[in-house]
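I opened a new notebook page for this structure.

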Amino acid sequence: MTKEKTGDSMQVGLNIKIKRIGRGYTQEEIADAIGVARSTYTRYESDKRLPDIYKLCALADYFDVSLDDLVGRDWKPKKDHKGRNIAIKPQPKCI
């Protein structure tokens, strides 16, 4: 999978690196926890490879953060035509 430009808000590699270092984990520990080779995980952190949705869920669960937080998405509630927030059901954690 090649890296596509996703804009400044989605810096998955930097986000997972910051979370890993902030919690004192090694790349090897995270790679083992989510079931990938350390070299693959290294490519995630350097934004040379984007984790698939299952690995993103595993990373979010491991770091105990939302997918939005993990990918740096600044989520805002959707509004209807009258400017009211549209209710959205809470989503379960990734499995």
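**Elements.** I began with what counts as an element: helices of at least four residues and strands of at least two are DSSP runs, numbered from the N terminus. The model is a predicted one. My tally is 5 helices and 0 strands.

**Whole protein.** How much of the protein is buried? I found that 26% of its 95 residues count as buried. I also looked up contacts between residues at least 6 apart in sequence. Of these, 53% join residues at least 24 apart.

**H1 and H4.** I turned to helix H1, residues 12-23, and helix H4, residues 53-63. Their axes come within 11 Å and cross at roughly 30 degrees. Angles under 35 degrees count as roughly parallel, so H1 and H4 are roughly parallel to each other. The crossing of H1 past H4 is left-handed. Which residues make the contact? From H1 I listed Val 12, Ile 16, Lys 19, Arg 20 and Arg 23. H4 brings Leu 56, Leu 59 and Phe 63. I sorted the residues of this contact into 5 nonpolar, no polar and 3 charged.

**H1 and H3.** Next I checked H1 against H3. Here the axes come within 7 Å, and they cross at roughly 115 degrees. That makes H1 roughly perpendicular to H3. On the H1 side I noted Gly 13, Leu 14, Ile 16, Lys 17 and Arg 20. On the H3 side I noted Tyr 41, Tyr 44 and Glu 45. This contact divides into 4 nonpolar residues, 1 polar and 3 charged.

**Core.** Which residues of the largest nonpolar core touch the most other members? The core has 15 residues, and I wrote down Ile 16, Tyr 41, Leu 59, Phe 63 and Leu 70. The elements giving two or more residues to this core are H1, helix H2 (27-34), helix H3 (38-45), H4 and helix H5 (67-71). H4 supplies the largest share, 4 residues.

**Tyr 41.** What does Tyr 41 contact, leaving aside its neighbours within four places in sequence? My list reads Ile 16, Arg 20, Gln 27, Ile 30, Ala 31, Ile 34, Val 36, Leu 59 and Phe 63. Ile 16 and Arg 20 were already on my page for the contact of H1 with H3. Leu 59 and Phe 63 were there for the contact of H1 with H4.

How values were computed
Residues numbered from 1 in each chain as written. Predicted model: local features only at pLDDT ≥ 70, side-chain atom pairs only at ≥ 80, totals over all residues. Heavy atoms only, no water. Axes fitted to C-alpha atoms, helices over the stretch in contact; angles between N-to-C directions. Parallel < 35°, antiparallel > 145°, perpendicular 65-115°, else oblique. Left-handed = near helix turned anticlockwise from the far one by under 90°. Contact = heavy atoms within 4.5 Å. Nonpolar A, V, L, I, M, F, W, Y, C, P; charged D, E, K, R; others polar. Core = buried A, V, L, I, M, F, W, Y, C linked by side-chain atoms within 4.5 Å. Buried < 20%, exposed > 50% of the residue type's maximum accessible area, 1.4 Å probe, protein only.
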